Amino acid sequence: MLVPFHDYVVLLMDEPETTSPKGIVLPEVAREKRMRRGVVQAVGPGHYSNKGVFIPTTIKPGMHVLIMTLDSWEVPEVIEEDGKKVRLVREYDCLACLEGK
């Protein structure tokens with residue numbers, strides 16, 4: 001299992017949507033530029049601020065979160081032992097939590 005340091009989060013990414021809400025088939029390039037969903041698998045303990053204050057992570061394993069993928073910011077995928085594709089992102093890059101999931 002991948003164990004992150006600092007405020008990094010291990011996300012098991014959901015497959016991107018292949019169609020828009022109105023049924024239009026999205027090309028692969030458009031799928032990658034949208035917000036992506038993922039399930040938090042593991043989190044680091046937190047990080048220290050510039051003033052030396054420890055800030056613990058607020059995200060917990062099992063949460064469903066949204067991240068934004070950008071052209072200039074592409075995170076490589078890591079293959080875990082069981083073949084699942086995960087991404088390692090900072091807690092700061094998680095934009096929102098999907099409640100009720």
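This is a predicted model: local features need pLDDT of at least 70, side-chain atom pairs count only at pLDDT 80 or more; totals for chains, interfaces and linings use all residues.
A polar contact here is a pair of N or O atoms within 3.5 Å; within protein, one must be able to donate a hydrogen and the other to accept it, and residues adjacent in sequence count only if both atoms are side-chain atoms.

Residues are numbered from 1 along each chain as its sequence is written, and side-chain values use heavy atoms, with hydrogens and water left out.

**Whole chain**

Start in cartoon view. The protein has 1 helix and 8 strands, taken from DSSP runs (helices: H or I, at least four residues; strands: E, at least two) and numbered from the N terminus. The order is β-α-β-β-β-β-β-β-β. Of the 101 residues, 28% are buried, that is, under 20% relative accessible area with a 1.4 Å probe, protein chains only. Among contacts (heavy atoms within 4.5 Å) with a separation of 6 or more, 66% join residues 24 or more positions apart.

**Nonpolar core**

Select Val9, Leu11, Met13, Val40, Ile59, Val65, Ile67, Val89 and Cys94. These 9 residues form the largest nonpolar core, a set of buried Ala, Val, Leu, Ile, Met, Phe, Trp, Tyr and Cys residues joined through side-chain atoms within 4.5 Å. β1 (8–13) and β5 (64–68) each supply at least two of its residues. β1 gives the most, with 3. Now centre on Cys94. Beyond four places in sequence, Cys94 touches Ile59, Val65, Leu66, Ile67 and Val89.

**Aspartate 7**

Move to Asp7, in the segment before β1. Asp7 counts as buried because its relative accessibility is 6%. Its side chain makes a polar contact with the side chain of Arg90 at 2.6 Å. Contacts of Asp7 beyond four places in sequence include Gly46, His47 and Glu91.

**Glutamate 91**

Select Glu91 next, in the loop between β7 (85–90) and β8 (94–97). Glu91 is buried but has no salt bridge (side-chain nitrogen of Lys or Arg within 4 Å of a carboxyl oxygen of Asp or Glu). The nearest side chain of opposite charge, Lys60, is 7.4 Å away. Which backbone nitrogen does the Glu91 side chain reach? That of Thr58, at 2.6 Å. Beyond four places in sequence, Glu91 also contacts Asp7, Val9, Pro56, Thr57 and Ile59.

Note on methods
Buried means under 20% relative accessible area, exposed over 50%, partly exposed in between (1.4 Å probe, protein chains only). Lys and Arg count as positive and Asp and Glu as negative; His and the chain ends are not counted.
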